[in-house]
Amino acid sequence: MMREIRTATCPEMRIEDVGGKPKLVGYAAVFNSLSEEMWGMRERILPGAFRRTLAESADVRALVQHDPSMILGRSKSKTLSLAEDNVGLRAEIAPPDTVLGRDTVESVRRGDLDNMSFAFYAR
């Protein structure tokens, strides 16, 4: 299977302060919105698209630039939480207090990073 990557224009991507620690909050996918054109077509993600994966409690990782060596959070360690709501796939990430975590938080705070994306394997 080939890994697919999609980027969403987030209706929100912000930093929340939780007990003096930053949390990244945003949408990795937005429902019922046409994607940019790719390979001569456009996609639309429907509500429920992530239901099965969420129900299976998959071990999902939040990565910077989809690089597996740049982990910001992970569902298994409860530093990443994902949920479907009426907008899309909402993500909350408790980034590590590392250079990667602090740099990412600062880039979001400045507005340099303002969207999320997701990768998947089609079943």
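Me: Why does Ser-33 count as partly exposed?

Reply: This is a predicted model, and Ser-33 has 38% relative accessibility in it. Partly exposed is the class between buried, under 20%, and exposed, over 50%, so at 38% Ser-33 counts as partly exposed. Ser-33 lies in the loop between β3 and α1.

Me: What does Ser-33 touch, not counting residues up to four places away in sequence?

Reply: Ser-33 touches Glu-43, Arg-44 and Ile-45. Contact means heavy atoms within 4.5 Å.

Me: Which residues is Ile-45 in contact with, leaving aside its neighbours within four places in sequence?

Reply: The list for Ile-45 is Ala-29, Val-30, Phe-31, Asn-32, Ser-33, Phe-50 and Phe-118. Ile-45 also belongs to the largest nonpolar core, which has 17 residues. Leu-24, Ala-29, Ile-45, Phe-50, Leu-72, Ile-93 and Phe-118 touch the most other members of that core. Two or more residues come from each of β3 (21-30), β7 (88-93), α2 (99-110) and β8 (116-121).

Me: What makes Arg-74 and Asp-59 a salt bridge?

Reply: Their closest N and O atoms are 2.5 Å apart. The cut-off is 4 Å between a side-chain nitrogen of Lys or Arg and a carboxyl oxygen of Asp or Glu, so the pair qualifies. The pair links distant parts of the chain, 15 residues apart: Arg-74 is in strand β5 (residues 71-74), and Asp-59 is in the loop between α1 (51-55) and β4 (61-63). Asp-59 is partly exposed, because its relative accessible area of 29% falls between 20% and 50%.

Me: How do you know that Glu-106 and Arg-109 meet in a salt bridge?

Reply: The N to O distance is 3.5 Å, and the limit is 4 Å, so the pair counts as a salt bridge. Both residues lie in helix α2, 3 residues apart, about one turn of the helix.

Me: Why is Arg-109 called exposed, and what is Glu-106 called?

Reply: Exposed requires over 50%. Arg-109 is at 54% relative accessibility and therefore counts as exposed, whereas Glu-106, at 37%, counts as partly exposed.

Me: What do Arg-110 and Asp-112 form?

Reply: Their side chains meet in a salt bridge, 2.7 Å from N to O. Arg-110 is exposed at 58% relative accessibility, and Asp-112 is partly exposed at 47%. Elsewhere, salt bridges with shared partners join Lys-23, Arg-90 and Glu-92 into one network. By this rule the count comes to 9 salt bridges.

Note on methods. Residues numbered from 1 in each chain as written. Predicted model: local features only at pLDDT ≥ 70, side-chain atom pairs only at ≥ 80, totals over all residues. Heavy atoms only, no water. Core = buried A, V, L, I, M, F, W, Y, C linked by side-chain atoms within 4.5 Å. Buried < 20%, exposed > 50% of the residue type's maximum accessible area, 1.4 Å probe, protein only. Helix = DSSP H or I, 4+ residues; strand = E, 2+ residues; numbered from the N terminus.
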